[in-house]
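Work through the exercises below with the sequence and the model open. Each task is followed by a solution in steps.

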Amino acid sequence: MISLPPSERDLHAYVDHQLLESDRRVLETWLAAHPDVAAQVHAWQQDAQLLRASLGGALQQPANPDLDPALIRQRIQQRSRRHWATAAVLLVAVSLGGVGGWQAREATQPPLLPMADAMQAFRLFAQDGIMPADYNVQDGGNMQAWLDRYFNQAHRLPDLSAAGFTPVSGRLLTTEQGAAAMVLYQDAQGRRISFYIRPPGPENGFLPRGSRSADGLQAQYWSGAGYNYAVVSPADQPAPPMLKF
Amino acid sequence: MHALDEQLRELIPRLRRFAVSLTRNASSADDLVQSTLERAITRWADKRLEGDVRAWLFSILYRQFLDAHRRTRRYARMLEFFTGRDDAQPSVERTVIAQSTLQAFDQLNTEQRALLLWVSVEGLSYKEVAEILEVPVGTVMSRLSRARQALRQLSDGEIASPSLRRLK
């Protein structure tokens, strides 16, 4: 039984047809004698009615075939079959690994290309420019001094001023063998060349002097004083004169 | 033919309507319905066979919407952090006086829209709504009361700025 005067909750329950039949009748009698409350209840009823009417159209949308339950069920099954297939492949790989894993590893690893990391660094920092520099040459800063903090007795930075290139910024990088660094040179036209220095790799060790190009970049590389070095520049740019060390 | 599919098929129009009222965008609404159906189909076996399928589906859809909404907002904040600006425009719609009940409805917050749709349009019981929102029935009733008042005020244009009112 509701008590009179009705609480606001009772009024809402009345609007939402959630009162017991007996309570509903009691409330209706009471409302008839209280026109101000009845007006408010009527306004709520009207809002609900208008809302039902204006949202009614949303039920009449043209069907979307992607939402068909049978189709969705099929997609779910396909997906789980793929998961099983992946799991099966992994299982085969693991059992192969017991016997031939080591040889397989040797066979599948591509031979390391010299200074691939130097070229990758150039792409990331000089071409895409997505990371800030660790060190910028401004107002007489000394790039060589910065580099010497990390690499003892390494070869001096190449002097490329004859070709118009001066050092502008430096980045520290890591390799599996330890710290590496890239120094970026720029000329008046905004063209860029990098000098890259890293510890010798495990497989490639020290490098014979050489050069190679890949994916639009050219690299000269050599070893000395305990480190490997590379000079990287875009292939469409005249290469700096072969450096002498 | 699966028994659930028939029930789902019948309820799809209602799910789509609910999804549109949450997302305010037909195509993301259908994405929402699709992921709701996927979840319903995979979870059907675990569902306790009591209660209304419709209320169960509404609750899945509502949860999915809230999760997606949270992710989007986190993404927006991240974007703001990286680009240093806020892409979310101040909502013009909030200051506009509603011309119709539907416009007033669209200006309510997510939970108020869901509540009014469940109760006034779909006719779910307070108890079912309480289960969806995982709150007591009394809380549902007081939130519903607030949602109704808000809808009333927006429909009447009472939300119009008070300073304008005082000029009259």
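**Exercise 1.** At what angle do α1(A) and α7(B) pack, and how far apart are their axes?

Solution. The model is a predicted one.
Step 1: α1(A) and α7(B) pack at about 75 degrees, and their axes are 10 Å apart.
Step 2: angles from 65 to 115 degrees count as roughly perpendicular, so α1(A) is roughly perpendicular to α7(B).
Step 3: on the α1(A) side, Glu8(A), Arg9(A) and His12(A) meet Met141(B), Leu144(B), Ser145(B) and Arg148(B) of α7(B).
Step 4: sorted by class, the residues of this contact are two nonpolar, two polar and three charged.

**Exercise 2.** Find the angle between helix α3 of chain A and helix α7 of chain B, and list the residues that make the contact.

Solution. 
Step 1: α3(A) contributes Ala43(A), Trp44(A) and Asp47(A), while α7(B) contributes Arg148(B), Leu151(B), Arg152(B) and Ser155(B).
Step 2: these residues divide into three nonpolar, one polar and three charged.

**Exercise 3.** Describe how α5(B) packs against α7(B) within chain B.

Solution. 
Step 1: α5(B), residues 110–121, and α7(B) pack at about 100 degrees, with axes 9 Å apart.
Step 2: the two helices are therefore roughly perpendicular to each other.
Step 3: from α5(B), the residues are Glu111(B), Gln112(B), Leu115(B), Leu116(B) and Val119(B). They meet Arg143(B), Leu144(B), Ala147(B), Ala150(B) and Leu151(B) of α7(B).
Step 4: the contact holds seven nonpolar residues, one polar and two charged.

**Exercise 4.** How many residues of each chain are in contact with the other chain, and which helix of chain A gives the most?

Solution. 
Step 1: 25 residues of chain A are in contact with 35 residues of chain B.
Step 2: on chain A, α1 (8–15), α3 and α4 (69–108) each supply at least two residues to the side that touches chain B.
Step 3: α3(A) gives the most, with nine residues.
Step 4: by class, this side of chain A has 13 nonpolar, five polar and seven charged residues.

**Exercise 5.** In what order do the strands of the open sheet of chain A lie, and which strands stand at the edges?

Solution. 
Step 1: chain A has six helices and seven strands, in the sequence pattern α-α-α-α-α-β-α-β-β-β-β-β-β.
Step 2: seven strands form the open sheet in the order β1-β2-β3-β4-β7-β6-β5 (chain A), with antiparallel pairing.
Step 3: β1 (135–136) and β5 (210–214) of chain A are at the edges; each has a single partner strand, so one side of each is left without a neighbour in the sheet.
Step 4: inside the order, β4(A), residues 192–198, and β7(A), residues 227–234, pair in the antiparallel sense over five bridges. Ser194(A) has Val232(A) in β7(A) as its bridge partner.

**Exercise 6.** Which helix of chain A lies across β4(A), and at what angle to that strand does the helix run?

Solution. 
Step 1: the helix is α5 of chain A, residues 116–127.
Step 2: α5(A) lies across β2 (166–175), β3 (178–186), β4, β5, β6 (217–224) and β7 of chain A.
Step 3: α5(A) runs at about 135 degrees to β4(A).

Definitions and conventions. Residues numbered from 1 in each chain as written. Chains lettered and ligands numbered in written order. Predicted model: local features only at pLDDT ≥ 70, side-chain atom pairs only at ≥ 80, totals over all residues. Axes fitted to C-alpha atoms, helices over the stretch in contact; angles between N-to-C directions. Helix = DSSP H or I, 4+ residues; strand = E, 2+ residues; numbered from the N terminus. Contact = placed C-beta atoms within 7 Å. Nonpolar A, V, L, I, M, F, W, Y, C, P; charged D, E, K, R; others polar. Parallel < 35°, antiparallel > 145°, perpendicular 65-115°, else oblique. Pairing = 2+ DSSP bridges.
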